[in-house]
Amino acid sequence: MTPVARDLAAAVAEFGAASKEKLAGPGDREAAIRGPLENLLRAVGNVFGTEAVFHDEVRDTTRRVRPDYGVSVDRAMIGYVEVKAPGRSIDPLGFTGHDLEQWNRQKDLPNLIYTNGTQWRLYRDGEPFVPPVDFEGGSLTDAGSGLAAPPAFETLIRHFLSWKPEDINSVGVLVRAIAPLTRLLRGEVLDQLAEEQRAISEGAPAWNQPFTGLAADWRNLLFPQADDHTFADGYAQTVTFALLLAKTENMTLEGRSLHQVGGELDAEHSLMGRALQLLTDNVQEGFAVTLSLLVRVIDSVNWRRVRSGRRDMYLHLYENFLDEYDPELRKRSGSYYTPREVVDEMVRLTEEILVTRLDRPAGFLDDGVITIDPAMGTGTFLHTIIERSLDRVEQREGAGAVPGAATSLAKSLIGFELQMGPFAVAELRAADLFREKRARLPEGGLKFYVTDTLDNPRAEQTRLGSGLERIAASRRAANVVKSTTPVTVVIGNPPYGERAEGLGGWVEKDDPGLAIRAPLNDFRNPEMARHAHNLKNLYVYFWRWATWKVFESTPDALEGDAGIVCFITTSGYVGGPGFTAMREYLRRRSSEGWIIDLTPEGQRSDVRNRIFPGVQQPLAIGIFVRRSGTSTDEPAEIHYRTVDGTRAEKFSKLSELTVDGDGWKKARTAWTSSFFPAPESLWDTFPALNDIFPWSSPGVTGNRTWPFSPAREVLTARWTRLIGESDADTKSAMLKTTRDRNLDKVVKPLTGADTAQEDSALRAATLGGTKSVRVGYRSFDRQWVLADNRVLDMARPPLWDARIRGQVFVIEQHSKPVTSGPGIVFTSLLPELNYFRGSEGGRALPFLHPNGRPNLANGILATLGTAIGKDDLQAEDILAYVAGVVSHSGFTSTFSKELTTPGIRVPMTADKELFDRAIALGRELVWLHSYGEAMVDANAGRPAKDVRFPAGHIRQPLSKTP
């Protein structure tokens, strides 16, 4: 036996004896072995001749989430030890409750021992690193000095004590190293906030709780609607990326205070330097252990080798960080960063327009051209402008001209960003590039600001007494830019966020106190109020901010209303009915525009065709330029084109585009019409479906799927389970509580004897109150729905009123293009919202009003009857004609180009014979679509439903040959 093995054996035997004695007495079993275990760990350190210190102050008896011990060697953190009671399982696969919660937090640690005294496991980043080790000789209660460790224990301890951060030489390794520790730090902040709230509730003064006050200031300044989780996330990312920023400046981190590091950063990165100091000056000891480990990991980054990788390294740094750190946060924040191939072409096309339309021969470098990215993320657009502009200088004037041009360009580029993580990456990548080009940065650094772009630039700014004053000053400087700086170009990829009401700041809502009218009002059309929800999206707010900033905010400056807005966003504004006023604004304010449709394949295109693989919505690049003095009485000429194919093919085609090249089509010119190309046919002269059937409505919108089912019995069982649930939280989750429906919401019952008539809230509903009716769920798919207004967010009561004899609902996919199949479909049943095609919305146009009167435009029967010479034209004939013309694939293929514009139009004819043929075909189609409930005529071969077809009938299935 080696001396080390002998000493280890003695230490383990002593541990066994002490544990047996302690466990023989009363008290908590885990607490009983803590003293003996501490002695064992100290002895183990001595055995290996290592100055290992076991910090039990990281343990928090209130939270019980932190590990029991932090371990340092030579004053550098190397790992943690988590202790469980003797006999308790330490296998994470079997953890539940608190143990599982604790493991989910601790598995982010890069070097962690789990032990219950006799079983030992070593984990690295949540994975077993060496085989498990079990002591021999029996349990701690019985073994005493007979407790022995197998040779593998020595191996486990050696690996644990010798841990050091991996050399970080690439983006992938960097992300895998820092993302888990940032996540761990976020959890520490959340725990600290919860602990301080407990202290306040028990009578401690709020002013003496550092994180609570810090979070309040942070919210007031940057995130008014932020919860504790948002603050904790901002804290963790800010600290991580401030440390990374320091490493890019070749600073040594270990062995120094973070206040010192922040002070050095202050020279060129004042905002991040002060933020680092502010966020780390007042932390508890246990908190400091996590920070120490993060510092040690980041100190192992070889930034020179990391940045020597691929050209878009910075882009992938933060994008990959978010994927590893919190994929759900990435989805919620809309953080899908624009591919470099797209950014390159957007910058190139914008520069082309600067030169050819605004007489700026030097492009972004021209005197007076100020460029801003209002949601810069990691700065890809601005970085591309720097690279492209300085490459052109070098090609034209030589390398000697580059430093001066770079110095000038640094003064004319502005970036706004709300999140500190990507802001830090943007700042370090731009500073890195300017340093490489030997530019002198402007006094005070780059014009990059942490700010909410949509904040009111004229609102009074609070001066904070805390260390957040530096961030407040950044915000005030940003507001000067917003309100008084003439901007020539706004370019970027603004965030996408549905249901963003209340997040648009002064852009979205009037401010009576400051007598400021919301700019978004110019995008609102009262006649399209039913589609107003489409404007409640972050990308729309950014479109309005950008157009205000370039075209309106500084009219008194030289050419203050001239400039360019270039965004890549979802393409709803190109043709959607909710954007008529936005399109009119752009036609009036712009001189010229270009729409590049990047998703002609439509919604949910194949992943290989998507510019952003994770984004299903159709996308477009929109570029609008205004020359100074442009009249608002002449509509701008809008050019449109599509870019199709795979992702790589789209990149290639984008690179070949020029604003004056071939392939562009002129868009429609009417003020509010879509930006799609003007049709070559008479399409625009045809009446829209809504012109024929004026009353329309979205279908029944449940906003939950469980009230629908192919079988009534299933609905009865679901209802019984919901009403019988006694736990309020579980019951609320089963319902799926939303803004419009919850357990306590009282709503008016739906009409009809076949609907639930209880007028109480769901919390008091009875088992006998359920009723269900048949509905049209998807095209030709009939299901059942609980006929209860309490479980349907938007039941559309007028449609329920219209369930009368002879009713037919025309279903149109009015807000998205129809690319194949019938142009419209029909049902005699109450339709669900997505009846036309699942998950894509649509609207229903009832043939009859609830009183039985046809839902037809005034005078249409007389006008059409006279035009075709048919004195006995009936309302049902109009319905049948529309079906005969539109409800088949021949219509879709004939008008495929016109149907790139959402919304169905109906070709009309004055030819009586042709009109009658369409009516005959339409009656057949409506009868088929309605399963024989509408357009019934047994003599014409259209029997009522449930009538059996005679043998040999064309619709009678052929019998199998014996």
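This is a predicted model: local features need pLDDT of at least 70, side-chain atom pairs count only at pLDDT 80 or more; totals for chains, interfaces and linings use all residues.
At what angle do helix 15 (residues 340-357) and helix 24 (residues 647-655) pack, and how far apart are their axes?

**Entry 1: helix 15 and helix 24**

I looked up the pair and found a packing angle of about 15°, with the axes 9 Å apart. Angles under 35 degrees count as roughly parallel, so helix 15 is roughly parallel to helix 24. I noted that their crossing is left-handed. Next I listed who touches whom. Helix 15 brings Glu-341, Val-342, Glu-345 and Arg-348, while helix 24 brings Phe-651, Leu-654 and Ser-655. Sorting the residues of this contact by class, I got three nonpolar, one polar and three charged.

**Entry 2: helix 1 and helix 5**

Then I turned to helix 1 (residues 3-23) and helix 5 (residues 152-161). Their axes come within 11 Å and cross at roughly 95°. Angles of 65 to 115 degrees count as roughly perpendicular, and therefore helix 1 and helix 5 are roughly perpendicular to each other. On the helix 1 side I wrote down Val-4, Ala-5, Leu-8 and Val-12, and on the helix 5 side Phe-153, Glu-154 and Arg-158. This contact has five nonpolar and two charged residues, with no polar ones.

**Entry 3: helix 21 and helix 23**

My next pair was helix 21 (residues 538-551) with helix 23. I found an angle of about 20° between them and a distance of 12 Å between their axes. That angle makes helix 21 roughly parallel to helix 23. The crossing of these two helices is left-handed. From helix 21, the contact uses Trp-543, Arg-544, Thr-547, Trp-548 and Phe-551; from helix 23, it uses Met-582, Tyr-585, Leu-586 and Arg-589. I sorted these residues too, into six nonpolar, one polar and two charged.

**Entry 4: the second largest pocket**

Helix 23 turned up again when I moved on to a pocket. Which helices each supply at least two residues of the lining of the second largest pocket? I found helix 23 (580-589) and helix 25 (689-692). Helix 25 gives the most to this lining, with three residues.

I also checked the volume of the second largest pocket, which is about 780 Å³. Its lining is made of 30 residues, and those nearest the centre are Met-528, Pro-577, Ala-688, Pro-902 and Arg-905. By class, I noted eight nonpolar, twelve polar and ten charged residues in the lining.

Key
Residues are numbered from 1 along each chain as its sequence is written. Side-chain values use heavy atoms; hydrogens and water are left out. On a 1 Å grid over the protein atoms alone, a cavity is a set of points where a 1.4 Å probe fits but cannot get out, and a pocket is an open set with protein on both sides within 12 Å along at least five of seven lines; lining residues have an atom within 4 Å of a point. Grid points are joined across faces, edges and corners, and a volume is the space filled by probe spheres set on the points. Helices (H or I, at least four residues) and strands (E, at least two) are DSSP runs, numbered from the N terminus. Ala, Val, Leu, Ile, Met, Phe, Trp, Tyr, Cys and Pro count as nonpolar, Asp, Glu, Lys and Arg as charged, and the others, Gly among them, as polar. Axes are lines fitted to C-alpha atoms, for helices over the stretch in contact, and angles run from 0 to 180 degrees between N-to-C directions. Angles under 35 degrees count as roughly parallel, over 145 as roughly antiparallel, 65 to 115 as roughly perpendicular and the rest as oblique. A crossing is left-handed if the near helix is turned anticlockwise from the far one by less than a right angle, and right-handed if clockwise. Contact means heavy atoms within 4.5 Å.
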